[in-house]
Amino acid sequence: MADIAVEKKKIVLSGIQPSGNQFTLGNYIGAIRNWANMQDEFDCIYMIANEHSITVRQEPAKLRENTYRALASLLAAGIDPQKSIVFIQSHVPAHAELAWILNCYTMFGELSRMTQFKDKSSKNADNINAGLFTYPVLMAADILIYQADLVPVGADQKQHVEIARDIANRFNGLYSNTFKLPEPYIPAIGAKIMSLAEPEKKMSKSDPNVNASILVMDKKEDILRKFKRAVTDSQGEVRRGPDKPGINNLITIYSVATGLTPEQVEAQFAGKGYGDFKAACGEAVAEMLRPFREQVEDLMKNKDYLDQVAREGAEKAARLAARTLSKVQKKVGFVPKL
Ligand code: TYM
């Protein structure tokens, strides 16, 4: 039979935590919207990282509900379970098994240098648990178990993808080639959406200030109000600049919501004030999120469907994960179960 050269698609893996009752505009722009756009070009695997969420205390009933809402959000953002593998992390126990092994190939010193660990442990000083410390190892397992080539993430997760590479490199060096070395895949625009209230800080699900973050399920009036109150500067010109973090952020958000380039946004608002611009940002974001929100609401009424998507996704993911896990177990010297 003639050889037909079929070019294999690159493998993409990413995850999102279901902590907080819904995603922020940062998660939407920096992550899930891009995930949907990658589905035709790549073989994509997307998961709800519920095991990562319990590194910070969660209310069990809320975590369950938030996990469903996170799954519904991925689907509403355009992730198609016929094209991509979508699943819930705890449904594929191989991640945690690989994480244990990788823990033994990860140094205390390198985990101590993770900026997110330092940041989260200062915010949760009464609960600096071992899971919070070894979190990047579980994330490395999530990535490496699927032999992922690319990991689409916002800027704040880049360091975690880099440590996954370091762990993979170390393991490959000791036991011969086992893991593919993953690359972070950071969007050119929107990799770090900032807080509307304190634009030097990242927009974050855990921010207690309700005006700091747009949540993807916010009603239009709340979106408009939050943009109206967004902190800017006293220069009054809709133009990017080094000392204009608030306006830089709003220009990024407006660009993404309208599909205009930042230069086109500046041209559109030349000679106009911040009030007009903020109102336009609110309108554009509300319009971008409206169909998404409606679809999440619909999907949340159909938990059976969500359960079915999660089950089918986990079956496919588990088959792929088992291959890498058994290779690794063999290499480290575990006796195979016959
Ligand atoms: P998480 O749940 O904090 O965030 C999910 C994704 O959203 C991005 N993001 C942002 N992007 C732009 N602007 C923002 N303000 C903003 N806030 C969040 C994050 O960079 C991320 O891409 N550890 C991960 C989840 C995870 C994972 C993985 C990711 C678990 N396993 C394997 C990739 C591969 C996390 O906590 O993301």
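How many aromatic pairs does the structure hold?

## Aromatic pairs

The structure holds 13 aromatic pairs. Rings of Phe, Tyr and Trp (its six-membered ring) pair if their centres lie within 6.5 Å; planes under 30 degrees apart are stacked, over 60 edge-to-face, and the rest tilted. Tyrosine 105 and tyrosine 175 make an edge-to-face pair, at 5.8 Å centre to centre with 75° between the planes. Tyrosine 105 lies in the loop between helix H4 (94–103) and helix H5 (108–112), and tyrosine 175 in helix H8 (residues 158–175), so the pair ties together parts 70 residues apart in sequence. Helices (H or I, at least four residues) and strands (E, at least two) are DSSP runs, numbered from the N terminus.

Tyrosine 105 is buried, at 14% relative accessibility. Tyrosine 175 is partly exposed, at 24%. Buried means under 20% relative accessible area, exposed over 50%, and partly exposed in between (1.4 Å probe, protein chains only). Ring pairs also link Tyr105, Phe171, Tyr175 and Phe179 into a cluster.

## Basis of the model

This is a predicted model: local features need pLDDT of at least 70, side-chain atom pairs count only at pLDDT 80 or more, and totals for chains, interfaces and linings use all residues. Residues are numbered from 1 along each chain as its sequence is written, and side-chain values use heavy atoms, with hydrogens and water left out.

## Charges over rings

A charge sits over a ring if NZ of Lys or CZ of Arg is within 6 Å of the ring centre and within 35 degrees of the ring normal. Lysine 303 lies over the face of tyrosine 68, 5.1 Å from the ring centre. The charged end of lysine 272 sits over the ring of phenylalanine 269, at 5.7 Å from its centre.

## The second largest pocket

The second largest pocket has a volume of about 420 Å³. Its lining has 19 residues, and Lys8, Ile11, Tyr146, Leu320 and Arg323 are the closest to its centre. A pocket is an open set of points on a 1 Å grid where a 1.4 Å probe fits, with protein on both sides within 12 Å along at least five of seven lines; lining residues have an atom within 4 Å of a point. Strand E2 (43–48) and helix H13 (303–332) are the elements that give two or more residues to this lining. H13 gives the most, with four.

## Serine 255

Serine 255 is found in helix H10 (residues 245–258). Serine 255 is buried, with a relative accessible area of 4%. Leaving aside neighbours within four places in sequence, serine 255 is in contact (heavy atoms within 4.5 Å) with Ile189, Leu260, Thr261, Pro262 and Val265.

Key:
Grid points are joined across faces, edges and corners, and a volume is the space filled by probe spheres set on the points.
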